[in-house]
Amino acid sequence: MTTTSSTTSTTPTTAGTGSSIINTLGTGSGIDSSSIVSKLVDINKLPESTRLTTRQTLLESQVSDFGALRSAFSTLETAAAALGNADTFNAKSTSIPTTNLLGVTKLDAKAVAGEYRIKVDSIAQTQSLSSKDFSSQTAPIGKGTLAIRFGTWTNVDDNAVPPVLKDFTVDATKTGKTITIDDGNNSLVGLRDAINKAGIGVTASIVSNNGTYKLLVTAPSGAASEIEITATETPGSLGLADFNVNQSDRKLTQQQDGRDAQIRVNGIALSRSSNHLTDVIEGLEFDLFNSSPTETVNIGITEDKSIAEKAIRDFVAAYNTFLKDSGKLVGFDAEKNGYGSLRQDPLAKSLLQQVRSQIGATVTGLTNNGFTSLATLGIRTQLDGTLSIDENSSLTTSFRSAIDKHFESVRDLFVPNKSSNNAQLTLTNHSAKSVAGTYDVVITQQPAKGTLTAGAMTAFDTPPMDTTGKDYTFTINVDGNEANPITLPVGTYASGAALAADLQTRINSDSKLLEAKVSLSVNYNTTTKQLEFTSNAYGSDSKISFTNFSADMADMGIDAGHTTGTTGVDVAGTVGGVAAFGSGDVLLPALGSKAEGLSMRVEPGVTSGSITFSRGFSGTFTTLIDDFLKSSGMIKNRETNITKEVEKVKTDMKTLDRRSEAYRARLQAQFSAMETIVRGLKSTGSFLTSTFAALNGTNES
């Protein structure tokens, strides 16, 4: 008797169940069911899988190619930016013979070409002062303050050894400083360090000699940089007066006086306080080493156009390389024998089209009749889009002719240009939002500085003005910043102008005002016999007031009736017919207007004018590319979106894999059921065959 085996199948729900079913497939029917299932799954998955794989490959290629496009744009922008640097077009070269009189240290692009004959009659030197002998470097020297001011010692007794200082004239243009000596630095060493840390150019050192020590104080070089030192001693801790050098008390000894350098440039006699000369020839800096009664040094400065020409040629080469590299991304790449991944990307094509358009565009805001585009400069666009340079020097429209004969106009084409038709109206700055063009400016309110005029002098208007026996102490507020109390020392002033200069230097040397970076000027009106205080700043924040003063200050017209002055005024006006914003003497066009981002400095007296602004080719071109490349720019946004699409494709692939596995499980279950039926049928067939054989007597058994 044939034994019939049977299997029970269930619909698989997991990969483990599917594996057990696979092992049973094909055992009854003789069909390779496992292979059929795999092929059916693959056939079902293939179209969608191919689409997703192709999509992912394209997107990942686009991410890579946008990176390559970004790099190509960046390289092109760098080449264009070099054309926007004024120094590229103002480059100079210099020639100087071998000499021990001077040495050139810097040549700026702003230097004016020409030949300069320089004769050095004398070099500058520094004033040097020494103290008395001290037995210790670390012993206390006294506490209080030392006020250092700059100026000139006159009527010096040169017959005395060392020379005796007599009269000191303060230089109101130079800012001194007051040094504090307290418990933390009450020694010769502490005083030395305090002077050196003051940051006003005065240096101090300690010189030892056979067990004693002197303080050596050296002023900056120049005749008007000699120093006056006045001590204010702390009661009970005297000693700082030993460092006095002023008209009333001269304890320090002058070892060397300050002198200016005396030179002649092309026959013009000049004097300078330093041996490092920065303003004798504009753009040229040089150091003086020695003087000579006979030697003349000839310095030649010439324009160096080669740097600008090279920058232009480099840009043309960079643009042509850019076209070649970017063309592979949006068109056919012969090296890869295929199209770039950005061939159908609208953004990439748009960016390249904008660059091509800018190459051929006219630069706006140019006021001259020179070059307004690359084409007018002799840089032509070929049929394939690349640029070529017209080298034919015989043509007036060639690049060679432009460089050789119209170099300033070439510079104006490339470099941002800001100009004004009024010398009192200066265009100082622009921003990315500023639109090139010409704008009319109308001033409706003049800028003004804060002022305070003291009362007329009473008992202090006849020279010499003597402070002996009086207390002249006051506290002043400049532009909202209150100074420390200031006391005039005992002494005399030769004139009201000398008093004004002294007040100005003492106020401007105050530590609080120096920290706040505010200052003022003081003038003595000889007609009204009044002191006039004027802030050095313009605007509504500019104001001067006296917040405290001793009774004796009334001698100088500073009393209860003259404590607060007139506040300054902000400039006001319109730019391009639109009301502008004024801050001090700076006028700023309205936000949202075409002139937004421009700023101009307005001097008192100007009522109207016009300003012209051009970005130049370089400014316009680099601004365009910068918009592409910035962190919130179009390329970055496109890359972000593509990256999101790549992640979505990966998610879709995982979903497809899950659907395919589910489909595989269903097929496996169906084939398993078929095999069960086939095995049952085969068992039944065997039983029937045996039964019929028995009935017919053919059963062999």
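How do S14 and strand S15 (residues 284–288) pair, and over how many bridges? They pair in the antiparallel sense, over three bridges.

## Basis of the model

This is a predicted model, in which local features need pLDDT of at least 70, side-chain atom pairs count only at pLDDT 80 or more, and totals for chains, interfaces and linings use all residues. Residues are numbered from 1 along each chain as its sequence is written, and side-chain values use heavy atoms, with hydrogens and water left out.

## The S2-S15-S14 sheet

S14 and S15 belong to an open sheet of three strands, ordered S2-S15-S14 and paired antiparallel. Strands here are DSSP runs of E with at least two residues; helices are runs of H or I with at least four; both are numbered from the N terminus. Two strands pair if DSSP finds at least two bridges between them. Strands of a sheet pair through backbone hydrogen bonds, either parallel or antiparallel.

The edges are strand S2 (102–107) and strand S14 (276–281), each pairing on one side only. Neighbouring strands of this sheet are turned by 35 degrees against each other on average, direction ignored. Axes are lines fitted to C-alpha atoms, for helices over the stretch in contact, and angles run from 0 to 180 degrees between N-to-C directions. Leu277 stands opposite Phe286 in S15.

## The S24-S31-S30 sheet

A further open sheet of three strands runs in the order S24-S31-S30, again with antiparallel pairing. Strand S24 (449–456) and strand S30 (520–525) are its edges; each pairs on one side only. The twist averages 20 degrees from one strand to the next.

S30 and strand S31 (residues 530–538) pair over six bridges, in the antiparallel sense. Asn525 has Gln530 in S31 as its bridge partner. Helix H9 (residues 496–508) lies across S30 and S31 and runs at about 165 degrees to S30.

## Aromatic pairs

Rings of Phe, Tyr and Trp (its six-membered ring) pair if their centres lie within 6.5 Å; planes under 30 degrees apart count as stacked, over 60 as edge-to-face and the rest as tilted. By this rule there are 15 aromatic pairs. Trp153 and Phe168 form a tilted one, with 5.0 Å centre to centre and 55 degrees between the planes. Trp153 lies in strand S5 (residues 144–154) and Phe168 in strand S6 (residues 167–170), so the pair ties together parts 15 residues apart in sequence. Buried means under 20% relative accessible area, exposed over 50%, partly exposed in between (1.4 Å probe, protein chains only). Trp153 is buried at 5%. Phe168 is buried at 9%.

The rings of Phe474 and Phe546 have centres 5.8 Å apart and planes at 70 degrees, so this pair is edge-to-face. It links distant parts of the chain: Phe474 in strand S26 (residues 473–478) and Phe546 in strand S32 (residues 544–549), 72 residues apart. Phe474 and Phe546 are both buried.

## Phe414 and its cluster

Ring pairs join Phe89, Phe315, Phe407, Phe414, Phe617 and Phe621 into a cluster. Phe414 sits in helix H8 (residues 407–414). Phe414 is buried, at 0% relative accessibility.

Beyond its neighbours within four places in sequence, Phe414 is in contact with residues including Leu83, Phe89, Ile312, Leu377 and Phe617. Contact means heavy atoms within 4.5 Å. Phe414 and Thr372 are 42 residues apart in sequence and 9.3 Å apart in space, C-alpha to C-alpha.

## Charges over rings

A charge sits over a ring if NZ of Lys or CZ of Arg is within 6 Å of the ring centre and within 35 degrees of the ring normal. Lys132 lies over the face of Phe134, 5.4 Å from the ring centre. The charged end of Arg343 sits over the ring of Tyr339, at 3.7 Å from its centre.
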